[in-house]
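Welcome! Here is a short tour for someone meeting this structure for the first time. Take a look at the chain below, then read on.

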Amino acid sequence: MSMKKLPLFLMASLLILSLASCGKKNASGNHDSKTLYLAWKNFNEKKDADSCRSFIAELEKFEPESFDAYPELHAQTNEQIEICRDASEKILSMIESGECDDLLIYDEGRKINLSMLSYLYNQNYVLEETHQKIFDYFVWLLAAIIITSVILIFLNAREVKKRDKIIYNSEQFLRHSIEVQEAERKRISQELHDTVAQSMRYVSLLAENLLDKAAAEKIISTQNQNIEDIRKLCYNLTPPAISAEDMIGALELLAGKIFNGTGDNFDLRIVAEDTVDFSVWSDVQLMSMYRIIQEAFQNIQKHAHASEVTVLFRKDTDGRLKIIISDDGIGMSEDMVEQINGGIFSNIKDLHFGIRNIVERVQLLGGSVVYRSEADCGTQIMVVL
């Protein structure tokens, strides 16, 4: 076999060796398979002794580190490299002596080719085992992620269920408390109407028989005023049934009774925008809205010293109902507003019960309430349902 045919035995194996081990370095860190391939390519082009020596020198440096973890394969690979080295030296010897035996060159080239194929087989084995380890690691990692996710989902679901149960129980307790309040209001109203008011009327009848007419007139006048006050109190305790059609009218009537006697300069406005539809709310929910506004009116009448009160019903872009109650009274301090919005009512003695009642009823309707106020600048209550 001639020198021109020699690369046919080695080119494919060395190219595969180059691609399989490209970028890998031996223990010294000064050599890689690409350098070996370039040395062989140079020898193939020049076909002289110097290029063959360079190839042999690079071959001697080549110690693939990919088999370090496999002692048996590492020994086999070193043996294969040694076979390549011996075969290349024989080829060099023939070149230097000028005795090119085609059969001998063929045999030596075949040894190199088989050694390279054996190396490739070992390299493929290492790669497959490495891939299998990576795959096993990935499977275990994926299984761990799935198991962890299932556990987290289970724990989260349990916490959500527990939280929902707490919220449900809280809402049930709140609803029960409000139902008890309404029942107690009705009972007290009935008691006032059937006992106290009737007793006052009887006292007025007795006063008519007094000889001192001036004293009788004073007693009768006082009793009539007391009876009127009781009637107002009974109305506030048990207003007539609230429906969607008469919601605004009922609030105007309520405001007239609460703010009666405030003065001619007092201005009250209750407005519902056209987009507001009270019919989507049940009578029980409308009663809660009524009570919210009632509590606000009573706080304004007792503490705000306002001359103007506005109630606005409007629908926001999200379809929620907004109730904005504002007055031009003396307002509240920043610290008080912060406590109210933070749910702290114990330090607000004068407004404690009324504000708590507002907040609880808003929560029962699934909404939120925010107070805005400054001293001498009035107060605004924003309810979103």
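Among the contacts in the chain with a separation of 6 or more, 67% are between residues 24 or more positions apart; contact means heavy atoms within 4.5 Å. This is a predicted model, in which local features need pLDDT of at least 70 and side-chain atom pairs count only at pLDDT 80 or more, while totals for chains, interfaces and linings use all residues. Residues are numbered from 1 along each chain as its sequence is written, and side-chain values use heavy atoms, with hydrogens and water left out.

**The chain as a whole**

- You will find 10 helices and five strands in the chain; these are DSSP runs numbered from the N terminus, with helices (H or I) of at least four residues and strands (E) of at least two.
- Of the 385 residues, 37% are buried, meaning under 20% relative accessible area with a 1.4 Å probe, protein chains only.

**The sheet**

- Five strands form an open sheet in the order S1-S2-S3-S5-S4, with mixed pairing; two strands pair if DSSP finds at least two bridges between them.
- Strand S1 (267–272) and strand S4 (368–373) stand at the edges with a single partner strand each, so one side of each has no neighbour in the sheet.
- Strand S3 (residues 321–327) and strand S5 (residues 379–384) run antiparallel and are joined by six bridges; Lys-322 has Val-384 in S5 as its bridge partner.

**The nonpolar cores**

- The largest nonpolar core has 44 residues, and Met-289, Phe-297, Phe-313, Ile-323 and Tyr-371 have the most contacts inside it. Such a core is a set of buried Ala, Val, Leu, Ile, Met, Phe, Trp, Tyr and Cys residues joined through side-chain atoms within 4.5 Å.
- Helix H8 gives this core its largest share, 10 residues.
- A second, separate core of 14 residues includes Ala-49, Cys-52, Cys-84 and Ile-91.

**The aromatic rings**

- The structure holds three aromatic pairs; rings of Phe, Tyr and Trp (its six-membered ring) pair if their centres lie within 6.5 Å, and planes under 30 degrees apart count as stacked, over 60 as edge-to-face and the rest as tilted.
- Phe-259 and Phe-297 make an edge-to-face pair, 5.3 Å centre to centre with 70° between the planes.
- This pair links distant parts of the chain, 38 residues apart: Phe-259 is in the loop between H7 and S1, and Phe-297 is in helix H8.

Key
Buried < 20%, exposed > 50% of the residue type's maximum accessible area, 1.4 Å probe, protein only.
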